[in-house]
Amino acid sequence: MSTTAQTRREWLLSDRPQSRLQAKLGRAYVTWRRFSGNGLALVGLGIIVALVLVAIFADLIAPYSPTIGDLKNARLLPPSATHWFGTDDLGRDIFSRIVHGSRLTLFVVILVAVIAAPIGLLVGTVAGYAGGWIDAVLMRVTDIFLAFPKLILALAFVAALGPGIENAVIAIAITSWPPYARIARAETLTVRNSDYIAAVRLMGASPMRIVLRHIMPLCLSSLIVRVTLDMAGIILTAAGLGFLGLGAQPPLPEWGAMIASGRRFILDQWWVAGMPGIAILVVSLGFNLLGDGLRDALDPRSGEQ
Amino acid sequence: MTAALAIDGLGVVYDHYHVLKGVSLRIEPGESYGLVGESGSGKSTLLRAIAGLAPVSAGTITVDGETLGPRRDKAFHRKVQMVFQDPYGSLHPRQTVDRLLLEPLAIHGFANAEERIVRALDEVGLGSGFRFRYPHQLSGGQRQRVAIARALILEPSILLLDEPTSALDASVQAEVLNLLEEVRRTRSLTFLMVSHDLAIITHLCGRLMVMHNGAEVETLDAASLAAGHVTQDYSRRLLAASAGFVRTAEPAAGPTAGRFASAGQRSI
């Protein structure tokens with residue numbers, strides 16, 4: 001907090017915020033400064049932002065249709081100026097397919113996070129705070145889900161519900177909440193006997209209020225970090241299901257399914273499987289870097305006591 | 001006259017270990033009552049049992065003539081509040097002072113929360129400049145003031161104080177103790193205060209109970225404690241233990257060392 005700094009920064013870092021908004025913004029700014037000090041995390045953030053932008057503007061970016069190819073003239077062309085990533089066996093432009101596939105990837109990742117993280121958070125915090133038989137029941141259920149191999153359980157669900165991207169999402173969400181529940185429970189156990197929770201109990205707060213308003217915010221940052229780090233795994237599982245033909249169905253340009261269809265030509269036309277593979281790699285890497293950066297920036301045990 | 005707080009044969013058991021063994025006491029409205037004893041004597045557990053934070057296995061607790069059940073209701077929470085020992089652990093690390101003070105008002109559906117928060121901060125001498133700070137932006141003494149403001153904002157009649165100054169350094173201790181004494185006088189509160197510092201207890205409390213191993217040793221008034229008129233052996237040893245520090249320093253060292261010793265003893 002040097003005196004030469006801009007007034008806006010001083011306002012954000014003020015010791016004596018004048019309003020709720022200023023206190024919140026100041027806190028967010030401190031977190032952002034910690035995050036942006038980490039170069040790799042910014043690279044990760046850049047990749048994810050780029051992914052989101054590509055998904056939003058896919059129609060504008062993609063030069064060709066992702067589903068209709070030119071079977072007569074453009075089968076299995078190598079990367080060139082007209083087809084940046086080459087074309088596949090049906091004459092479709094791979095670059096356009098990857099651009100449109102980003103929507104599917106983002107759809108899967110966001111939906112899984114939106115379904116799995118709240119379930120895990122709720123189960124974990126309730127189990128941790130309530131203790132006793134509620135804890136035992138909830139955690140045994142969690143253990144049962146944890147004991148199944150993730151991909152196999154997802155396979156079983158997709159087999160039961162029928163192939164398709166929505167079912168793949170549900171299958172992945174069902175199998176990915178248990179680790180979040182365990183994290184949330186562990187965090188809850190460390191704070192449930194603290195004096196500040198006792199103080200809230202002493203004010204007459206109901207258990208639901210304590211869990212929702214006082215315990216969950218404390219579990220949130222470690223959960224966000226974990227979810228971000230899991231994003232890569234979710235993308236890979238979705239790609240795996242697509243590869244096995246149980247996720248997105250043709251002609252949807254899902255990256256895993258694209259690899260699956262390209263593996264027949266992998267020795268002669270490497271770009272058919274290679275390009276979507278690189279896309280998965282880059283996006284997974286982006287989420288991992290972002291997750292690492294968030295862990296350093298949000299860690300409740302660093303910075304503040 | 002009904003007692004503000006009456007406890008009869010209170011027992012607390014944690015995992016088959018009897019932390020409190022049938023403690024009884026009676027506190028009149030407006031009285032300031034002290035609990036002293038060594039670490040592990042069950043003083044803090046007694047407070048937590050009253051607050052409903054410890055498992056009661058035997059006995060009854062009566063507040064203003066009403067015997068409490070195993071669950072505390074909202075009326076109880078408006079009547080009885082507590083200040084914890086460690087101000088670094090009793091404030092939620094992710095909530096601003098404003099949010100901390102708003103919570104009890106929201107739970108009990110108080111109107112004009114805005115006004116009450118400002119008043120509560122003024123009362124503990126913090127002013128509204130501290131309102132939107134996070135606990136990590138406050139010093140230990142300021143945190144304890146916030147904790148006191150939070151306890152007082154529901155306008156309770158009984159305040160449970162669990163060594164409210166033992167985590168603070170000596171100069172801040174005096175400020176917080178004066179603040180507590182002042183709010184007690186202006187609001188005619190009933191205090192039940194735990195401390196292992198006999199000087200604080202004799203200063204603030206009218207009567208006190210000496211505890212050892214989860215049971216009462218004896219009940220005294222502050223004057224007889226100050227004069228050393230105790231009947232039980234254990235109390236005598238407790239007194240000697242807190243005074244002994246100064247006496248050993250006296251013969252060899254000068255007045256500076258003596259003063260230092262007494263200050264050190266106060267900040268146990």
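## A helix residue in chain B

B:Ala199 sits in helix H7 (residues 198-204) of chain B; helices here are DSSP runs of H or I with at least four residues, strands are E runs of at least two, and both are numbered from the N terminus. With a relative accessible area of 29%, B:Ala199 is partly exposed. On this scale buried means under 20% relative accessible area, exposed means over 50%, and partly exposed lies in between, using a 1.4 Å probe on the protein chains only. The C-alpha atoms of B:Ala199 and B:Ser242 are 9.1 Å apart in space, while 43 residues separate the two in sequence.

## What the values rest on

This is a predicted model, in which local features need pLDDT of at least 70 and side-chain atom pairs count only at pLDDT 80 or more, while totals for chains, interfaces and linings use all residues. Residues are numbered from 1 along each chain as its sequence is written, chains are lettered from A and ligands numbered from 1 in the order in which they are written, and side-chain values use heavy atoms, with hydrogens and water left out.

## Positive phi in two loops

Two residues of chain B are worth a look in your viewer. B:Asp15 is not a glycine, yet has a positive phi of about 45°. B:Asp15 belongs to the loop between strand E1 (5-14) and strand E2 (17-27) of chain B, and its 74% relative accessibility makes it exposed.

B:Glu155, also a residue other than glycine, has a positive phi near 55°. The loop that holds B:Glu155 runs between helix H5 (140-152) and strand E7 (158-162) of chain B. B:Glu155 counts as partly exposed, at a relative accessible area of 42%.

## The build of chain A

Chain A has twelve helices and zero strands. Its C-alpha atoms fill a box of roughly 75 × 60 × 25 Å along the principal axes. Of the 305 residues in chain A, 49% are buried.

One helix pair to follow is H5(A) with helix H8 (residues 165-191) of chain A: their axes come within 6 Å and cross at roughly 35°. Axes are lines fitted to C-alpha atoms, for helices over the stretch in contact, and angles run from 0 to 180 degrees between N-to-C directions. The contact of H5(A) with H8(A) involves 22 nonpolar, six polar and one charged residues. In this classification Ala, Val, Leu, Ile, Met, Phe, Trp, Tyr, Cys and Pro are nonpolar, Asp, Glu, Lys and Arg are charged, and the others, Gly among them, are polar.

## Cavities

A cavity is a set of points on a 1 Å grid over the protein atoms alone where a 1.4 Å probe fits but cannot get out, and lining residues have an atom within 4 Å of a point.

Residues lining the largest cavity include A:Leu104, A:Val108, A:Ile165, A:Glu254 and A:Trp255. Helix H5 (94-130) and helix H10 (207-243) of chain A each give two or more residues to this lining, and H5(A) has the largest share, with four. The lining has nine nonpolar, one polar and one charged residues.

## Cysteines

How many disulfides are there over all chains? The count is zero, where a disulfide is a pair of cysteine sulfur atoms within 2.5 Å. A:Cys219 is buried, at 2% relative accessible area, and B:Cys205 is buried at 5%.

Key: On a 1 Å grid over the protein atoms alone, a cavity is a set of points where a 1.4 Å probe fits but cannot get out, and a pocket is an open set with protein on both sides within 12 Å along at least five of seven lines; lining residues have an atom within 4 Å of a point.
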